[in-house]
Amino acid sequence: MKKIIWCLLMAPFFCAAQSFSLKPLNENTKASLRGLSVVSNQVIWASGSNGSVGKTLDGGLTWQWMKPKGYEQLDFRDIEAFDQQHAIIVNAGSPAYVLKTIDGGTTWTEHYKNIDSAIFLDGLGFWDQNSGIIFGDPIQGKMQLLKTTNAGTTWQNISSNLRQSLADGEAGFAASGTTIKTLPGGKVWISSGGTTSNIYYSADYGESWNVFKCPIWQGESTTGPFSIDFYDAKNGVVVGGNYVKDKANDNNVWLTSNGGKTWTKPVTPVAGFRSGVAYINKNMVVATGTSGTDVSTDGGRNWKHIGDQSFNAVQQAKKGNRIFLAGEKGRVFELLINK
């Protein structure tokens with residue numbers, strides 16, 4: 001009886017007999033990859049430094065690397081791909097651009113430009129192929145919010161919809177383009193960090209907003225939430241920490257069961273700073289960062305460290321079940337689950 005009770009308590013890590021391994025798909029490309037968009041088990045797009053955009057149509061066996069002409073020096077921190085032909089990329093820093101391709105990356109067209117020295121776009125999300133939102137660091141205390149209803153052809157500035165000004169030193173992070181999360185029906189969550197951390201939530205496509213406190217590590221410019229994900233409208237996870245102390249794990253992961261209104265700590269935390277997190281299903285969650293990767297199989301309550309290799313982003317195929325990670329030097333790996 002004691003053995004049965006122990007097994008139930010320690011599940012799912014030991015009794016489920018699951019093991020995890022990382023398989024390299026691309027390495028040694030001269031780009032730090034932070035943007036990742038996994039359309040299907042076969043179609044994957046990635047973006048990063050030195051104007052780099054990568055695409056595979058065969059699940060990572062072969063890659064095509066491209067640089068949008070005229071934008072070769074930009075750092076594309078986020079990408080949203082819809083299929084093998086259509087994708088949108090956003091760069092960090094000033095000037096800020098939003099570029100779009102409809103021919104698989106052969107050509108890119110400019111659909112937004114902002115030369116304000118303070119502009120810094122952090123991430124984008126789409127509710128469907130036509131409707132999407134981009135957020136950026138505050139300018140004069142106002143978070144920058146852009147919205148499209150025509151598949152990224154034009155972008156409307158809706159920053160005034162968020163009436164609350166951000167605190168001095170409060171901003172977003174563009175470590176993986178995933179401090180923003182959209183769900184169908186107009187739901188969107190945006191996390192901020194730095195001197196203070198908040199969760200900004202809209203249920204109506206960014207027309208009105210609620211603000212919730214996030215208790216993750218904060219107080220310095222290098223601290224806060226670096227990635228957020230929601231399985232559904234209620235259950236979510238936020239990860240981050242301090243990227244200059246990437247092995248510290250004092251206060252790096254929190255869970256919510258009420259849409260971000262309140263947060264609880266897991267029983268067993270992640271092993272360090274994490275800049276990417278993704279729900280694989282309701283129970284399995286993967287978090288990754290510069291000090292390694294962790295997996296939870298109980299909805300984020302307990303985490304198991306599975307590797308020390310550095311990555312920036314993680315995502316499961318939108319149409320499929322494969323899981324991919326991206327990081328420095330063009331590194332793209334697949335997370336394999338062995339049962």
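**Pockets, cores and backbone of the predicted model**

The lining of the largest pocket comprises 20 nonpolar, ten polar and seven charged residues, where Ala, Val, Leu, Ile, Met, Phe, Trp, Tyr, Cys and Pro count as nonpolar, Asp, Glu, Lys and Arg as charged, and the others, Gly among them, as polar. The model is predicted, so that local features need pLDDT of at least 70 and side-chain atom pairs count only at pLDDT 80 or more, while totals for chains, interfaces and linings use all residues. Residues are numbered from 1 along each chain as its sequence is written, and side-chain values use heavy atoms, with hydrogens and water left out.

A pocket is an open set of points on a 1 Å grid over the protein atoms alone, where a 1.4 Å probe fits, with protein on both sides within 12 Å along at least five of seven lines; lining residues have an atom within 4 Å of a point. The largest pocket holds about 920 Å³ of space, the volume being that filled by probe spheres set on the points. Of its 37 lining residues, Glu80, Lys181, Thr182, Gln315 and Lys318 lie nearest the centre. Strands that each supply at least two residues of this lining include β2 (33-38), β10 (121-126) and β20 (223-230); strands are DSSP runs (E, at least two residues) numbered from the N terminus.

The second largest pocket has a volume of about 280 Å³. Its lining has 16 residues, with Arg34, Arg77, Ala175, Phe226 and Tyr243 nearest the centre. By class, seven of these lining residues are nonpolar, five polar and four charged.

A nonpolar core is a set of buried Ala, Val, Leu, Ile, Met, Phe, Trp, Tyr and Cys residues joined through side-chain atoms within 4.5 Å; buried means under 20% relative accessible area, exposed over 50%, and partly exposed in between (1.4 Å probe, protein chains only). In the largest core, of 15 residues, Trp45, Val53, Phe76, Ile89, Leu99 and Trp108 touch the most other members. At least two residues of this core come from each of β6 (75-81), β7 (87-92) and β8 (96-101), and β6 gives the most, with three. A second, separate core has 14 residues, among them Phe82, Ala96, Leu121 and Ile139.

The peptide bond from Ser94 to Pro95 is cis, with omega near -5 degrees, and Pro95 lies in the loop between β7 and β8. Asn28, not a glycine, has a positive phi of about 70 degrees. Asn28 is in the loop between β1 (19-26) and β2 and is exposed, at 67% relative accessible area.

Notes. Helices (H or I, at least four residues) and strands (E, at least two) are DSSP runs, numbered from the N terminus.
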